[in-house]
Amino acid sequence: MNKHIAVLAGDGIGPEITEGAVLVLKKVAAAFGHTFSFEPLLMGGCAIDACGEPLPAHTVERCLASDAVLLGAVGGPKWDTLPGDRRPEKGLLGIRKAMGLYSNIRPARLWKALADASPLKSALVENGVEIIVVRELTGGIYFGKRGSYSDETMGETAWDTEQYSVREIERITRIACELARKRSGRVISVDKANVLETSRLWRRTVHAYAEAHFPDVTVTDMLVDNAAMQIVKNPAQFDVLLTSNMFGDILSDEAAQVTGSIGMLASSSLGDTTCGLYEPIHGSAPDIAGTDAANPIATILAAAMMLRDSFGMTKECAAVERAVEAVLAEGWRTADIMSAGMKQIGCREMARRIAEHVS
Ligand code: IPM
Ligand code: MG
(Lines give C-alpha, C1' and ligand atoms only; values in the text may rest on other atoms or scores of the structure.)
(Ligands and ions follow the chains in the order given, each with its own letter.)
Protein backbone atom coordinates (compact mmCIF):
# COMPACT_ATOMS: atom_id res chain seq x y z
CA MET A 1 0.00 0.00 0.00
CA ASN A 2 1.02 3.62 -0.63
CA LYS A 3 0.45 5.95 2.30
CA HIS A 4 1.23 9.61 2.76
CA ILE A 5 1.95 10.64 6.35
CA ALA A 6 2.04 14.25 7.58
CA VAL A 7 4.63 14.67 10.33
CA LEU A 8 4.16 17.43 12.89
CA ALA A 9 7.33 17.10 14.96
CA GLY A 10 6.55 20.16 17.09
CA ASP A 11 8.76 21.41 19.90
CA GLY A 12 11.11 20.22 22.63
CA ILE A 13 11.70 16.48 22.30
CA GLY A 14 9.11 16.35 19.46
CA PRO A 15 11.68 16.17 16.64
CA GLU A 16 13.67 13.36 18.34
CA ILE A 17 10.71 11.14 19.12
CA THR A 18 9.04 11.57 15.73
CA GLU A 19 12.36 10.81 14.03
CA GLY A 20 12.40 7.54 15.97
CA ALA A 21 8.85 6.68 14.94
CA VAL A 22 9.54 7.52 11.28
CA LEU A 23 12.56 5.21 11.35
CA VAL A 24 10.34 2.38 12.62
CA LEU A 25 7.66 3.14 10.00
CA LYS A 26 10.31 3.01 7.26
CA LYS A 27 11.35 -0.40 8.51
CA VAL A 28 7.70 -1.54 8.47
CA ALA A 29 7.37 -0.35 4.87
CA ALA A 30 10.52 -2.25 3.84
CA ALA A 31 9.57 -5.43 5.72
CA PHE A 32 5.94 -5.58 4.54
CA GLY A 33 6.24 -4.18 1.01
CA HIS A 34 4.56 -0.80 1.53
CA THR A 35 5.55 2.69 0.39
CA PHE A 36 5.24 5.40 3.01
CA SER A 37 6.02 9.02 2.19
CA PHE A 38 6.54 11.59 4.95
CA GLU A 39 5.79 15.30 4.81
CA PRO A 40 7.18 17.47 7.63
CA LEU A 41 4.88 20.35 8.61
CA LEU A 42 4.98 23.15 11.15
CA MET A 43 2.69 23.25 14.18
CA GLY A 44 3.15 24.61 17.72
CA GLY A 45 5.99 26.82 18.92
CA CYS A 46 8.14 26.10 15.86
CA ALA A 47 5.30 27.39 13.67
CA ILE A 48 4.97 30.52 15.82
CA ASP A 49 8.69 31.16 15.29
CA ALA A 50 8.58 30.51 11.56
CA CYS A 51 5.18 31.97 10.57
CA GLY A 52 3.88 33.87 13.59
CA GLU A 53 1.00 31.48 14.30
CA PRO A 54 0.74 28.03 15.95
CA LEU A 55 -1.29 26.41 13.17
CA PRO A 56 -0.62 27.74 9.65
CA ALA A 57 -3.43 27.15 7.14
CA HIS A 58 -0.98 25.21 4.94
CA THR A 59 -0.46 22.67 7.74
CA VAL A 60 -4.21 22.09 8.12
CA GLU A 61 -4.64 21.74 4.37
CA ARG A 62 -1.81 19.21 4.05
CA CYS A 63 -2.93 17.20 7.10
CA LEU A 64 -6.43 16.92 5.63
CA ALA A 65 -4.91 15.73 2.34
CA SER A 66 -2.76 13.06 4.02
CA ASP A 67 -3.65 9.48 4.97
CA ALA A 68 -2.68 10.06 8.61
CA VAL A 69 -0.81 12.50 10.83
CA LEU A 70 2.06 11.70 13.18
CA LEU A 71 2.63 14.24 15.93
CA GLY A 72 5.44 14.72 18.45
CA ALA A 73 4.67 17.30 21.13
CA VAL A 74 4.20 21.04 21.39
CA GLY A 75 4.99 23.84 23.81
CA GLY A 76 7.83 25.12 25.94
CA PRO A 77 8.88 27.96 28.24
CA LYS A 78 9.80 30.13 25.27
CA TRP A 79 6.12 30.54 24.36
CA ASP A 80 4.59 30.39 27.86
CA THR A 81 3.91 34.09 28.14
CA LEU A 82 1.98 34.40 24.87
CA PRO A 83 -1.78 35.03 25.10
CA GLY A 84 -3.93 31.85 25.16
CA ASP A 85 -5.04 32.00 21.54
CA ARG A 86 -1.46 32.25 20.27
CA ARG A 87 0.16 29.54 22.39
CA PRO A 88 1.63 26.38 20.80
CA GLU A 89 -1.12 24.27 22.47
CA LYS A 90 -3.68 26.23 20.46
CA GLY A 91 -2.13 24.64 17.36
CA LEU A 92 -2.71 21.16 18.73
CA LEU A 93 -6.30 21.91 19.73
CA GLY A 94 -6.82 23.57 16.35
CA ILE A 95 -5.66 20.60 14.32
CA ARG A 96 -7.78 18.19 16.41
CA LYS A 97 -10.81 20.38 15.74
CA ALA A 98 -10.03 21.01 12.06
CA MET A 99 -9.72 17.26 11.42
CA GLY A 100 -12.89 16.54 13.44
CA LEU A 101 -11.04 14.13 15.74
CA TYR A 102 -13.60 13.69 18.51
CA SER A 103 -12.46 10.25 19.59
CA ASN A 104 -9.19 9.95 21.48
CA ILE A 105 -8.10 6.46 22.54
CA ARG A 106 -5.32 6.18 25.13
CA PRO A 107 -4.44 2.64 26.13
CA ALA A 108 -2.46 2.46 29.37
CA ARG A 109 -1.09 -0.99 29.81
CA LEU A 110 1.48 -2.50 32.08
CA TRP A 111 4.25 -4.02 30.00
CA LYS A 112 5.46 -7.29 31.50
CA ALA A 113 9.09 -6.20 31.29
CA LEU A 114 8.25 -2.96 33.11
CA ALA A 115 6.19 -4.36 36.01
CA ASP A 116 8.75 -2.87 38.42
CA ALA A 117 8.31 0.58 36.94
CA SER A 118 4.82 0.99 38.40
CA PRO A 119 4.93 3.07 41.59
CA LEU A 120 2.11 0.90 43.00
CA LYS A 121 2.67 -2.14 45.22
CA SER A 122 3.20 -5.21 43.06
CA ALA A 123 0.11 -6.91 44.55
CA LEU A 124 -2.03 -4.24 42.85
CA VAL A 125 -0.58 -4.70 39.39
CA GLU A 126 0.74 -8.27 39.28
CA ASN A 127 -2.26 -9.61 37.37
CA GLY A 128 -1.84 -6.99 34.67
CA VAL A 129 -3.45 -3.62 34.12
CA GLU A 130 -4.90 -2.29 30.91
CA ILE A 131 -6.97 0.86 31.11
CA ILE A 132 -8.24 2.19 27.80
CA VAL A 133 -9.19 5.81 28.20
CA VAL A 134 -11.74 6.88 25.58
CA ARG A 135 -11.57 10.65 25.76
CA GLU A 136 -13.93 13.05 24.00
CA LEU A 137 -11.52 15.38 22.20
CA THR A 138 -13.26 18.25 20.41
CA GLY A 139 -15.78 19.50 22.96
CA GLY A 140 -16.18 20.45 26.60
CA ILE A 141 -14.29 23.14 28.45
CA TYR A 142 -11.36 22.99 26.00
CA PHE A 143 -13.51 24.51 23.27
CA GLY A 144 -16.19 26.40 25.21
CA LYS A 145 -16.53 30.16 25.36
CA ARG A 146 -14.02 31.91 27.61
CA GLY A 147 -12.92 35.32 28.66
CA SER A 148 -11.62 37.54 31.37
CA TYR A 149 -12.60 40.87 32.84
CA SER A 150 -11.71 43.11 35.66
CA ASP A 151 -14.08 42.96 38.62
CA GLU A 152 -14.23 45.98 40.86
CA THR A 153 -14.11 44.09 44.14
CA MET A 154 -12.53 40.75 43.19
CA GLY A 155 -9.90 41.98 40.73
CA GLU A 156 -9.02 40.28 37.45
CA THR A 157 -11.44 37.43 36.81
CA ALA A 158 -11.41 34.72 34.10
CA TRP A 159 -13.95 32.14 32.97
CA ASP A 160 -14.16 29.02 30.75
CA THR A 161 -17.31 27.13 29.81
CA GLU A 162 -17.96 23.40 29.84
CA GLN A 163 -20.56 22.58 27.22
CA TYR A 164 -21.70 19.26 25.72
CA SER A 165 -24.48 18.30 23.35
CA VAL A 166 -26.32 14.98 23.12
CA ARG A 167 -24.76 14.36 19.67
CA GLU A 168 -21.25 14.88 20.98
CA ILE A 169 -21.85 12.54 23.91
CA GLU A 170 -23.54 9.89 21.78
CA ARG A 171 -20.76 9.62 19.22
CA ILE A 172 -18.04 9.12 21.84
CA THR A 173 -20.29 6.65 23.71
CA ARG A 174 -20.53 4.64 20.51
CA ILE A 175 -16.72 4.46 20.25
CA ALA A 176 -16.39 3.31 23.88
CA CYS A 177 -19.14 0.69 23.51
CA GLU A 178 -17.73 -0.67 20.25
CA LEU A 179 -14.36 -1.08 21.92
CA ALA A 180 -15.87 -2.65 25.04
CA ARG A 181 -17.77 -5.13 22.88
CA LYS A 182 -14.43 -6.46 21.57
CA ARG A 183 -13.04 -6.61 25.10
CA SER A 184 -14.65 -7.03 28.55
CA GLY A 185 -18.10 -5.78 27.58
CA ARG A 186 -17.81 -3.16 30.32
CA VAL A 187 -17.58 0.63 30.16
CA ILE A 188 -17.00 2.87 33.16
CA SER A 189 -18.21 6.38 32.37
CA VAL A 190 -16.65 9.23 34.33
CA ASP A 191 -18.50 12.40 35.29
CA LYS A 192 -19.19 14.86 38.07
CA ALA A 193 -22.98 14.48 37.93
CA ASN A 194 -23.37 15.43 41.59
CA VAL A 195 -22.32 18.98 40.68
CA LEU A 196 -22.23 19.72 36.95
CA GLU A 197 -25.20 20.10 34.60
CA THR A 198 -23.07 18.92 31.65
CA SER A 199 -22.24 15.77 33.63
CA ARG A 200 -25.90 15.06 34.30
CA LEU A 201 -26.60 15.28 30.56
CA TRP A 202 -23.49 13.15 29.96
CA ARG A 203 -24.70 10.43 32.33
CA ARG A 204 -28.29 10.35 30.98
CA THR A 205 -27.12 10.34 27.37
CA VAL A 206 -24.47 7.67 27.82
CA HIS A 207 -27.01 5.30 29.40
CA ALA A 208 -29.83 6.00 26.96
CA TYR A 209 -27.52 5.52 23.96
CA ALA A 210 -25.79 2.42 25.27
CA GLU A 211 -29.07 0.75 26.28
CA ALA A 212 -30.58 1.43 22.85
CA HIS A 213 -27.59 0.43 20.72
CA PHE A 214 -25.36 -1.77 22.89
CA PRO A 215 -27.63 -3.77 25.22
CA ASP A 216 -24.79 -6.29 25.58
CA VAL A 217 -22.43 -3.68 27.07
CA THR A 218 -22.61 -2.87 30.78
CA VAL A 219 -22.16 0.82 31.56
CA THR A 220 -21.48 1.98 35.10
CA ASP A 221 -20.82 5.51 36.29
CA MET A 222 -18.00 6.78 38.45
CA LEU A 223 -17.56 10.28 39.78
CA VAL A 224 -14.28 11.73 38.61
CA ASP A 225 -12.82 12.27 42.08
CA ASN A 226 -13.56 8.67 42.96
CA ALA A 227 -12.14 7.52 39.60
CA ALA A 228 -8.87 9.33 40.35
CA MET A 229 -8.69 7.45 43.63
CA GLN A 230 -9.75 4.07 42.23
CA ILE A 231 -7.06 4.20 39.52
CA VAL A 232 -4.37 4.06 42.21
CA LYS A 233 -6.34 1.91 44.64
CA ASN A 234 -7.37 -0.87 42.28
CA PRO A 235 -6.34 -0.21 38.66
CA ALA A 236 -7.18 -3.75 37.58
CA GLN A 237 -10.92 -3.05 37.91
CA PHE A 238 -10.84 -0.82 34.82
CA ASP A 239 -11.10 -1.74 31.17
CA VAL A 240 -12.76 0.94 29.00
CA LEU A 241 -12.95 4.32 30.73
CA LEU A 242 -15.20 6.85 28.95
CA THR A 243 -14.48 10.50 29.73
CA SER A 244 -15.09 14.08 28.71
CA ASN A 245 -12.21 16.08 27.26
CA MET A 246 -10.76 17.47 30.47
CA PHE A 247 -11.39 14.48 32.74
CA GLY A 248 -9.68 12.26 30.13
CA ASP A 249 -6.69 14.57 29.96
CA ILE A 250 -6.18 14.30 33.70
CA LEU A 251 -6.99 10.62 34.20
CA SER A 252 -4.87 9.45 31.25
CA ASP A 253 -1.72 10.93 32.80
CA GLU A 254 -2.58 9.18 36.04
CA ALA A 255 -3.26 5.87 34.31
CA ALA A 256 0.00 6.20 32.39
CA GLN A 257 2.03 6.60 35.55
CA VAL A 258 0.30 3.66 37.21
CA THR A 259 1.46 1.51 34.33
CA GLY A 260 5.06 2.67 34.56
CA SER A 261 5.94 5.78 32.64
CA ILE A 262 4.14 8.43 30.68
CA GLY A 263 6.88 7.85 28.11
CA MET A 264 5.16 4.60 27.11
CA LEU A 265 1.63 5.81 26.42
CA ALA A 266 0.40 6.37 22.88
CA SER A 267 -2.83 7.81 21.63
CA SER A 268 -4.95 7.72 18.52
CA SER A 269 -7.42 10.42 17.57
CA LEU A 270 -10.09 9.74 14.98
CA GLY A 271 -13.26 11.29 13.65
CA ASP A 272 -15.60 9.96 10.99
CA THR A 273 -12.88 9.15 8.43
CA THR A 274 -9.76 6.97 8.59
CA CYS A 275 -7.46 10.01 8.52
CA GLY A 276 -6.40 10.10 12.17
CA LEU A 277 -3.77 11.80 14.26
CA TYR A 278 -1.33 9.78 16.34
CA GLU A 279 0.72 11.16 19.20
CA PRO A 280 2.28 10.26 22.53
CA ILE A 281 0.23 11.56 25.46
CA HIS A 282 3.26 13.18 27.08
CA GLY A 283 4.48 16.71 26.51
CA SER A 284 7.49 18.30 24.88
CA ALA A 285 9.81 17.88 27.93
CA PRO A 286 11.87 21.02 27.17
CA ASP A 287 14.26 20.17 30.03
CA ILE A 288 15.67 17.17 28.15
CA ALA A 289 15.14 18.39 24.56
CA GLY A 290 18.14 17.84 22.33
CA THR A 291 19.93 15.58 24.81
CA ASP A 292 18.87 12.26 23.25
CA ALA A 293 17.39 11.26 26.64
CA ALA A 294 13.71 11.06 25.63
CA ASN A 295 11.78 7.82 25.41
CA PRO A 296 10.55 7.37 21.81
CA ILE A 297 8.38 4.35 22.65
CA ALA A 298 5.07 6.23 23.14
CA THR A 299 5.47 7.80 19.69
CA ILE A 300 6.52 4.48 18.14
CA LEU A 301 3.42 2.85 19.68
CA ALA A 302 1.34 5.75 18.34
CA ALA A 303 2.75 4.95 14.88
CA ALA A 304 1.69 1.33 15.46
CA MET A 305 -1.85 2.51 16.21
CA MET A 306 -1.73 4.50 12.95
CA LEU A 307 -0.89 1.33 11.03
CA ARG A 308 -3.86 -0.47 12.57
CA ASP A 309 -6.52 2.26 12.90
CA SER A 310 -5.90 4.37 9.79
CA PHE A 311 -4.34 1.86 7.37
CA GLY A 312 -5.95 -1.40 8.53
CA MET A 313 -2.48 -2.95 8.86
CA THR A 314 -3.05 -5.19 11.87
CA LYS A 315 -0.07 -7.49 11.18
CA GLU A 316 2.25 -4.52 10.86
CA CYS A 317 0.91 -2.98 14.09
CA ALA A 318 1.49 -6.23 15.94
CA ALA A 319 5.02 -6.44 14.52
CA VAL A 320 5.89 -3.02 15.99
CA GLU A 321 4.40 -3.93 19.38
CA ARG A 322 6.36 -7.19 19.36
CA ALA A 323 9.54 -5.29 18.52
CA VAL A 324 9.00 -2.96 21.49
CA GLU A 325 8.41 -5.96 23.75
CA ALA A 326 11.55 -7.69 22.46
CA VAL A 327 13.80 -4.67 23.05
CA LEU A 328 12.41 -4.23 26.57
CA ALA A 329 12.86 -7.95 27.24
CA GLU A 330 16.53 -7.62 26.22
CA GLY A 331 16.91 -5.10 29.04
CA TRP A 332 17.28 -1.89 27.00
CA ARG A 333 15.83 1.16 28.78
CA THR A 334 15.66 4.90 28.30
CA ALA A 335 16.27 7.00 31.43
CA ASP A 336 12.59 7.32 32.41
CA ILE A 337 12.09 3.55 32.66
CA MET A 338 15.59 2.65 33.84
CA SER A 339 15.91 0.24 36.77
CA ALA A 340 18.73 -1.68 38.44
CA GLY A 341 20.40 -4.29 36.23
CA MET A 342 19.03 -2.85 32.97
CA LYS A 343 21.00 -1.17 30.19
CA GLN A 344 20.42 2.53 29.63
CA ILE A 345 20.39 3.90 26.10
CA GLY A 346 19.31 7.12 24.40
CA CYS A 347 16.32 7.96 22.23
CA ARG A 348 18.03 7.31 18.91
CA GLU A 349 19.49 3.97 19.97
CA MET A 350 16.13 2.83 21.38
CA ALA A 351 14.36 3.63 18.10
CA ARG A 352 17.12 1.94 16.08
CA ARG A 353 16.89 -1.23 18.15
CA ILE A 354 13.08 -1.35 17.85
CA ALA A 355 13.26 -0.79 14.07
CA GLU A 356 15.83 -3.58 13.81
CA HIS A 357 13.40 -6.00 15.50
CA VAL A 358 10.49 -5.26 13.15
CA SER A 359 9.94 -8.24 10.90
C1 IPM B 1 -2.65 15.95 25.96
C2 IPM B 1 -2.03 17.28 26.28
C3 IPM B 1 -2.81 18.37 25.56
C4 IPM B 1 -4.25 18.29 26.05
C5 IPM B 1 -2.24 19.78 25.71
C6 IPM B 1 -0.80 19.85 25.29
C7 IPM B 1 -3.06 20.81 24.99
O8 IPM B 1 -1.98 17.46 27.65
O9 IPM B 1 -2.73 15.60 24.78
O10 IPM B 1 -3.04 15.24 26.91
O11 IPM B 1 -4.57 18.82 27.12
O12 IPM B 1 -5.08 17.69 25.34
MG1 MG C 1 -2.53 15.76 28.78
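1. Histidine 282 is buried, with a relative accessible area of 12%; buried means under 20% relative accessible area, exposed over 50%, and partly exposed in between, with a 1.4 Å probe and protein chains only. Histidine 282 sits in the loop between β12 (277–280) and α10. Helices (H or I, at least four residues) and strands (E, at least two) are DSSP runs, numbered from the N terminus. Leaving aside residues up to four places away in sequence, histidine 282 touches Ile13, Ile17, Ala73, Ile262, Gly263, Asn295, Ala298 and Thr299, where contact means heavy atoms within 4.5 Å.

2. On the basis of the note: this is a predicted model, in which local features need pLDDT of at least 70, side-chain atom pairs count only at pLDDT 80 or more, and totals for chains, interfaces and linings use all residues. Residues are numbered from 1 along each chain as its sequence is written, chains are lettered from A and ligands numbered from 1 in the order in which they are written, and side-chain values use heavy atoms, with hydrogens and water left out.

3. Alanine 285 is located in the loop between β12 and α10, and its phi is near 40 degrees, a positive value in a residue other than glycine. Aspartate 292 is found in the loop between β12 and α10, with a phi near 65 degrees, which is likewise positive in a residue other than glycine. Most residues other than glycine have a negative phi. Alanine 285 counts as partly exposed at 23% relative accessibility, and aspartate 292 is partly exposed at 26%.

4. Next, the overall form. The protein has 12 helices and 14 strands. Its radius of gyration is 20 Å, which agrees with the value near 21 Å that a compact globule of 359 residues would have; the radius is taken over C-alpha atoms, and the globule rule is 2.2 Å times the number of residues to the power 0.38. The C-alpha trace spans about 55 × 50 × 40 Å along its principal axes. Of the 359 residues, 53% count as buried. Among contacts with a separation of 6 or more, 75% come from residues 24 or more positions apart.

5. Which aromatic rings pair? A search of the whole structure finds 3 aromatic pairs. Rings of Phe, Tyr and Trp (its six-membered ring) pair if their centres lie within 6.5 Å; planes under 30 degrees apart count as stacked, over 60 as edge-to-face and the rest as tilted. Phenylalanine 36 and phenylalanine 311 form a tilted pair, 6.0 Å centre to centre with 45 degrees between the planes. Phenylalanine 36 lies in strand β2 (residues 35–40) and phenylalanine 311 in the loop between α10 (297–309) and α11 (314–329), so the pair ties together parts 275 residues apart in sequence. Phenylalanine 36 is buried at 10% relative accessible area, and phenylalanine 311 is buried at 5%. Tyrosine 209 and phenylalanine 214 also form a tilted pair, 6.4 Å centre to centre with 45 degrees between the planes; tyrosine 209 and phenylalanine 214 are both buried.

6. Strand β2 also contains proline 40, which is exposed, with a relative accessible area of 68%. The C-alpha atoms of proline 40 and aspartate 11 are separated by 13 Å, with the two residues 29 apart along the chain.

7. Finally, helix α12 (residues 347–357) has as its buried residues Cys347, Met350, Ala351, Arg353, Ile354 and Ala355. Their cover includes α1 (14–32), α10, α11 and β13 (332–333).
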